Amino acid sequence: MFTVFDDTDLAVPGNFEKVYDCLRDYGLLTTKSVWPIRGSQNSKMGGATCEDPAYLAYIRELRRDGFEIGFHGATYHSSERTNIVHGLEYFRELFGGYPRTMANHANSAENIYWGDARLSGIRRQAYKLLLKRNRFYGHCEESPYFWGDLCRDRIDYVRNFITGDINTMKIYPRMPYYDPERPFVKHWFSSSEGPNVDSFIRTISEANQDRLEAEGGACIMYTHFAAGFQDTDGNLNWRFRQLIKRLASKNGWFVPVATFLDYVRQQRGENVINSRERARMERQWIKHKILTGGVS
């Protein structure tokens, strides 16, 4: 199984569509996240929103063709609860329902269980001391950025830990799972490293594809399809196309993120992790962070 959750950062009409045309041509259905509403501030990690008619038209075309539309926050900068409600309701108006999957966006203050809140115990304290990241408040009921109840009630799957291994399920076999220490998320899922074209290509190399197939594994790639997959002339990266064509030729299952996670839950039942399992996942992610850095 292979799929992708694409963070919408930097995506504007003209710099990402060839990627989806390629995926569609080869029969790979994935998940494209959006920001529903236009922001009121500048952001270096911004991009188009669903209030851009040309962008929205293409997103609706993707949805019509079987791609899943996910949520990357209300907009490309921090949003207080009122704007988050507006964003979720506008998403429902546009697409006929609330988003089923989501991923936190960079340093947005409303990120839920992000930064040091992703970790527990001594690992959390070490993270706070070493990285001194911004604080995040989506799960803090006293904060104007709180929306944990909305996340719990309206969104099924939230992305968390990342691995450098193409076989996401081998490294995080308990996903999707519920974490009792983080009750505002119904189910967490993990993903494999690929935030830009170079890292994505490394992760889905021929050798890694063959190993994923041999292991009977499952990969959920994390990426930003607007981060170098097309050049300034609109040409799709040739190596990406080559690897996607090869991957599509295998006897794989290529469905959006929520479809795959639903299937796992139907086959295996619900997973509630305990403190030992949580510690193992946190250690795995910390090792990956040491190697790659970044905010995911």
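Predicted model: local features only at pLDDT ≥ 70, side-chain atom pairs only at ≥ 80, totals over all residues.
So, the side chain of Ser33 reaches the backbone oxygen of Asp6 at 2.8 Å.

Residues are numbered from 1 along each chain as its sequence is written, and side-chain values use heavy atoms, with hydrogens and water left out.

Back to Ser33. You'll find Ser33 in strand S2, residues 31-34. Helices (H or I, at least four residues) and strands (E, at least two) are DSSP runs, numbered from the N terminus. Is Ser33 buried or exposed? Ser33 is buried, because its relative accessible area is 0%, and buried means under 20%, exposed over 50%, partly exposed in between, with a 1.4 Å probe and protein chains only. Leaving aside neighbours within four places in sequence, Ser33 is in contact with residues including Phe5, Asp7, Tyr55, Gly70 and His72. Contact here means heavy atoms within 4.5 Å.

Now, the core. The largest nonpolar core has 81 residues, and Phe2, Trp147 and Phe240 have the most contacts inside it. Helix H3, residues 81-95, gives the most to this core, with six residues. A nonpolar core is a set of buried Ala, Val, Leu, Ile, Met, Phe, Trp, Tyr and Cys residues joined through side-chain atoms within 4.5 Å. As background, nonpolar side chains tend to be buried together in soluble globular proteins.

What does Phe2 touch, leaving aside its neighbours within four places in sequence? Among its contacts are Leu28, Phe200, Cys219, Met221, Leu247 and Trp253.

Trp253 sits in the loop between H9 and helix H10 (257-268). With a relative accessible area of 35%, Trp253 counts as partly exposed. Along the chain, Trp253 and Met1 are 252 residues apart, yet their C-alpha atoms are separated by 4.6 Å. Not counting residues up to four places away in sequence, Trp253 touches Met1, Phe2, Thr259, Phe260 and Tyr263.

On to helix packing. Helix H1 (residues 17-25) and helix H2 (residues 53-64) pack at an angle of about 15°, with their axes 12 Å apart. So H1 is roughly parallel to H2. Axes are lines fitted to C-alpha atoms, for helices over the stretch in contact, and angles run from 0 to 180 degrees between N-to-C directions. Under 35 degrees counts as roughly parallel, over 145 as roughly antiparallel, 65 to 115 as roughly perpendicular, and the rest as oblique. The H1 and H2 crossing is left-handed; that's when the near helix is turned anticlockwise from the far one by less than a right angle, and clockwise makes it right-handed. Here Glu17, Tyr20, Asp21 and Arg24 in H1 meet Tyr58, Glu61 and Leu62 in H2.

There's another pair to show you. Helix H8 (residues 206-215) packs with helix H9 (residues 238-248) at about 20°, their axes 11 Å apart. That makes H8 roughly parallel to H9. H8 passes H9 in a right-handed crossing. On the H8 side, Glu206, Gln209 and Asp210 meet H9 residues, including Arg239, Gln242 and Arg246.

Last, some backbone features. Most residues other than glycine have a negative phi, and most peptide bonds are trans. Leu10, not a glycine, has a positive phi of about 75°. Leu10 is in the loop between strand S1 (2-6) and H1, and with a relative accessible area of 34% Leu10 is partly exposed. Ala106 has a positive phi as well, about 45°, and is found in the loop between strand S4 (101-102) and helix H4 (121-131).

Which residues does a cis peptide bond join? Met175 and Pro176, with omega about -10°. Pro176 is in the loop between H6 and S6. Pro180 is also found in the loop between helix H6 (168-171) and strand S6 (187-192). At 42% relative accessibility, Pro180 is partly exposed, and Pro180 is in contact with Val272, Ile273 and Arg278, leaving aside neighbours within four places in sequence.

Terms used
Polar contact = N/O pair within 3.5 Å; in protein donor to acceptor, adjacent residues only side chain to side chain.
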